[in-house]
Amino acid sequence: MAEARVKARAPRKESVFAERFAVFAECLLTGVWIAVASLGVVTYPAAFAAGARHLRRRTAHEGGGWLEFVADFRVAVRGGWIAGLSGWAAAAAVWVDVQAVRAGIPGGPLVGAVGVFALIGFVVAGLRAAAVWTPGATWRSLLAQAGRRTVLDPVGSFLVVGGLAVVVVSAWFAAPLAVPVLGAVAAAAVAVEERHRRR
């Protein structure tokens, strides 16, 4: 009889569907947090790092919410703003390449194509670095290791590019959709890094 009462009081487990939907909803909420934290223009690497760490905690069934996200963001932004500045410098260099293509400079199309592919590689490496960030890690070493993984794990890198494509399509379809989808990109980068770690 006592055993039956204990069983009756045991908390019900979530269904697989409910758990996965909860993770999806958490990704969308995290995308909003990332967008708000990225308003500092050069703070986007730290925002993605804090978002990725939050999603890692969520999928590991650990505690954590907005306050932990803010605490992680404050730590990550200390060195992350330099990575953000580097990203904008790379984007500016690609913009110059594209202008060279439009001006009809000899060799412009080749230089433009190389620049665009390099920028995509830089963005993927940045996302992969943010996906494994932990307090105390230096952005220089994170980006160097992520750059190697970006080249040596092309399938994972392609999956991250697919996540970025979803953001672009969402923004093209309806700009506000791009904000929550940023969390899905962070989740894709976390999943790719977890996949790479288990190989």
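Visitor: Is Trp 66 buried, partly exposed or exposed?
Guide: This is a predicted model, and the values are computed from it. Trp 66 has a relative accessibility of 41%. Buried requires under 20% and exposed over 50%, so the class of Trp 66 is partly exposed.

Visitor: How are the rings of Trp 33 and Trp 66 arranged, stacked or edge-to-face?
Guide: The chain has four aromatic pairs. In the pair of Trp 33 and Trp 66, the ring centres are 5.3 Å apart and the planes stand at 65°. Planes over 60 degrees apart count as edge-to-face, so the arrangement of Trp 33 and Trp 66 is edge-to-face.

Visitor: Which helices does that pair of Trp 33 and Trp 66 link?
Guide: The two residues are 33 residues apart, and the pair links distant parts of the chain. Trp 33 counts as buried, at 11% relative accessibility. Trp 33 belongs to one helix and Trp 66 to another, and these are α2 and α4 (residues 66-103).

Visitor: Which residues are linked into a cluster by ring pairs?
Guide: Trp 66 also pairs with Phe 69, with 5.8 Å from centre to centre and 20° between the planes, a stacked pair. Both residues lie in helix α4, three residues apart, about one turn of the helix. Phe 69 is buried at a relative accessible area of 1%. The cluster formed by ring pairs is Trp 33, Trp 66 and Phe 69.

Visitor: With which side chain does the side chain of His 54 make a polar contact?
Guide: His 54 lies in helix α3 (residues 44-59) and is buried, with a relative accessible area of 2%. Leaving aside neighbours within four places in sequence, His 54 is in contact with residues including Thr 30, Trp 33, Gly 64 and Gly 65. The polar contact of the His 54 side chain, at 2.7 Å, is with the side chain of Glu 26.

Visitor: What separates the C-alpha atoms of Gly 31 and Pro 180?
Guide: Gly 31 is placed in helix α2 (residues 16-37) and counts as buried, at 0% relative accessibility. Not counting residues up to four places away in sequence, Gly 31 touches Val 179, Pro 180, Leu 182 and Gly 183. Gly 31 and Pro 180 are 149 residues apart along the chain, and their C-alpha atoms are separated by 4.2 Å.

Visitor: How do helices α5 and α8 lie to each other, roughly parallel or roughly perpendicular?
Guide: The axes of α5 (residues 108-131) and α8 (residues 178-198) come within 8 Å and cross at roughly 75°. Angles of 65 to 115 degrees count as roughly perpendicular, and therefore α5 and α8 are roughly perpendicular.

Visitor: How many residues of the contact of α5 with α8 are nonpolar?
Guide: On the α5 side the contact is made by Leu 127, Arg 128 and Ala 131, and on the α8 side by Val 185, Ala 189, Val 190, Val 192, Glu 193 and His 196. Of these residues, one is polar and two are charged, while the nonpolar ones number six.

Visitor: What share of the contacts in the chain with a separation of 6 or more comes from residues 24 or more positions apart?
Guide: The secondary structure comes to eight helices and zero strands. The C-alpha atoms fill a box of roughly 85 × 35 × 35 Å along the principal axes, and 34% of the 199 residues count as buried. Among contacts with a separation of 6 or more, the share from residues 24 or more positions apart is 68%.

Methods. Residues numbered from 1 in each chain as written. Predicted model: local features only at pLDDT ≥ 70, side-chain atom pairs only at ≥ 80, totals over all residues. Heavy atoms only, no water. Helix = DSSP H or I, 4+ residues; strand = E, 2+ residues; numbered from the N terminus. Buried < 20%, exposed > 50% of the residue type's maximum accessible area, 1.4 Å probe, protein only. Contact = heavy atoms within 4.5 Å. Axes fitted to C-alpha atoms, helices over the stretch in contact; angles between N-to-C directions. Parallel < 35°, antiparallel > 145°, perpendicular 65-115°, else oblique. Nonpolar A, V, L, I, M, F, W, Y, C, P; charged D, E, K, R; others polar. Polar contact = N/O pair within 3.5 Å; in protein donor to acceptor, adjacent residues only side chain to side chain. Phe/Tyr/Trp six-rings, centres within 6.5 Å; stacked < 30°, edge-to-face > 60°.
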